Amino acid sequence: MSLRFLLATVILAGAPFAGGWWAWKGQGPLQQEATVLVKRGTGINQIADQLERDGVIRSASLFKLWARARKLQLIRGEYTFTPRASLADVAGKLRRAEIHFTTVSIPEGAHAWAVQKRLKDFVPEEVFWALWKSPRLAKAAGFEGAETLEGLVAPATYRLHHALEPEQVVPMLVEAFRDQIRPKLGGGPLPPYETLILASLVEKETKLPEEQPKVAGVYKKRLDIGMRLQCDPTSLYARWLTGDLRFTAPLVQDIRRPHPFNTYTVKGLPPTPIAIPGATALAAARAPETGKDLYFVATGRGGHRFAPSLRDHNRNVGVYRQEIARQRKAARG
């Protein structure tokens, strides 16, 4: 047997193995990064055909053979594949469930419209507002009968992916509230839901932790004596509920607008929270500072001045106006 014949025989015998190795480990056809969604109920045949159709792999048949041999369990998620990823790379990423997540932060102080904007890539607007008014989700949060989910989602950073159904995303925020916030609402002078509402007013009035118990104390005292709360942020919330989504300071017409949420025109707390309260605002609502103060006004420099009487309050308002005038003059020249 000649050496040439022997060499040819070895090459021919190894050709199928080499071809299989190249099909498995060689560069794939993908030209640029691609994202593939594995949704609930997606089967091996479906994902294999989709990968081939999207140009991620060359052979759906080879992928199916491997997947069945390895008894691949597809995990729902969003998978990102790099250019020229081999079939082995693609299969390995799916087997290890290397899901691509997007982080979405829901901050303290956010209201419904802010939450909707942050979730818009995952929840269509019409679906969001339908879920926001869901009695089932309000009950899941621990407050059956709440008109909306305002205040019933937890401020946190969430890891989301686009294979999630829109109807699954908002419940994630509600579940976080139920587990993390709801247990902390008891023990104050008001029932838990009213504590949450009061905390939302405090949150929108001041971000200074040292002031929040004082603000809560003013509102609690006003509730006790039947005095209107006259909380500016509630007048804005009432404006937004009418469809006017200008995010500006309250105008005279906002203050005068008859509306269940406008605490300038109705007594008591608004029907729901007006935002997501943070931890310090919640603590302030559970333990409002007791004292004589019935009024407060901004200083114009980031804080507030508190007063027990209307006379003292009017004097503080005058100081505030002087400060604003000084700032405007400085800005002009």
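In these exercises, Ala, Val, Leu, Ile, Met, Phe, Trp, Tyr, Cys and Pro count as nonpolar, Asp, Glu, Lys and Arg as charged, and the others, Gly among them, as polar. Keep in mind that the model is predicted.

**Exercise 1.** Work out how the residues lining the largest pocket divide into nonpolar, polar and charged, and which elements supply them.

*Solution.* 
- Start with the pocket itself: its volume is about 670 Å³.
- Next, list the lining, which has 23 residues; Asp232, Tyr264, Phe296, Val297 and Ala298 lie nearest the centre.
- Then trace the elements: two or more lining residues each come from helix 9 (192-205), helix 10 (212-225), helix 11 (232-241), strand 5 (295-298) and helix 14 (310-332). Helix 14 gives the largest share, five residues.
- Finally, sort by class: 14 are nonpolar, five polar and four charged.

**Exercise 2.** Decide whether Arg239 is buried or exposed, and find the side chain that its own side chain meets in a polar contact.

*Solution.* 
- Locate Arg239 in helix 11.
- Its relative accessibility is 0%, so Arg239 counts as buried; the cut-off for buried is under 20%.
- Now look for a partner: the side chain of Asp254 makes a polar contact of 2.6 Å with that of Arg239.
- Beyond its neighbours within four places in sequence, Arg239 also has contacts that include Phe247, Pro250 and Arg257.

Note on methods:
Residues numbered from 1 in each chain as written. Predicted model: local features only at pLDDT ≥ 70, side-chain atom pairs only at ≥ 80, totals over all residues. Heavy atoms only, no water. 1 Å grid on protein atoms, 1.4 Å probe; cavity = no way out; pocket = protein on both sides within 12 Å on 5 of 7 lines; lining within 4 Å. Points joined across faces, edges and corners; volume = space filled by probe spheres on them. Helix = DSSP H or I, 4+ residues; strand = E, 2+ residues; numbered from the N terminus. Buried < 20%, exposed > 50% of the residue type's maximum accessible area, 1.4 Å probe, protein only. Polar contact = N/O pair within 3.5 Å; in protein donor to acceptor, adjacent residues only side chain to side chain. Contact = heavy atoms within 4.5 Å.
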